Amino acid sequence: MYSKLISGGQIRKIDFCMENGCIPRSFDRDIEDIRLYLSEMFTYFSPVFYKSLTDTPAPFLQCH
């Protein structure tokens, strides 16, 4: 997850959980850990959570 985000990729929460056999709560916890790490290491770089991507209802993440 971290590698994909750090390279500018997008992650769809539901798809990621299904592919990796984790629950959304674990996903949220991992994202929070990544946010904390990035905020400590790179003040200008953190993941952004969007509710939708154009007409896609699934949430996704992307680093900026």
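The model is predicted, so local features are taken at pLDDT of at least 70 and side-chain atom pairs only at pLDDT 80 or more, while totals for chains, interfaces and linings use all residues. Residues are numbered from 1 along each chain as its sequence is written, and side-chain values use heavy atoms, with hydrogens and water left out.

I begin with the chain as a whole. The protein chain holds three helices and three strands, where helices are DSSP runs of H or I of at least four residues and strands are runs of E of at least two, numbered from the N terminus. From the N terminus on, the order is α-β-α-α-β-β. Of the 64 residues in the protein chain, 27% are buried (under 20% relative accessible area, with exposed over 50% and partly exposed in between, using a 1.4 Å probe and protein chains only). Where contacts, meaning heavy atoms within 4.5 Å, link residues at least 6 apart in sequence, 46% join residues at least 24 apart.

I turn now to helices α2 and α3. The axes of α2 (residues 13–20) and α3 (residues 24–41) come within 9 Å and cross at roughly 110°; axes here are lines fitted to C-alpha atoms over the stretch in contact, with angles from 0 to 180 degrees between N-to-C directions. That makes α2 roughly perpendicular to α3, a term covering 65 to 115 degrees. Which residues make the contact? Lys13, Phe16 and Cys17 contribute from α2, and Pro24, Phe27 and Asp28 from α3. By class, four are nonpolar, none polar and two charged, with Phe, Cys and Pro among the nonpolar types and Asp, Glu, Lys and Arg counted as charged.

Finally, I consider proline 24, which lies in helix α3. Its relative accessibility is 37%, and therefore proline 24 counts as partly exposed. Leaving aside residues up to four places away in sequence, proline 24 touches Lys13 and Cys17. Proline 24 and isoleucine 14 are 10 residues apart in sequence, with 7.3 Å between their C-alpha atoms.

Terms used:
Angles under 35 degrees count as roughly parallel, over 145 as roughly antiparallel, 65 to 115 as roughly perpendicular and the rest as oblique.
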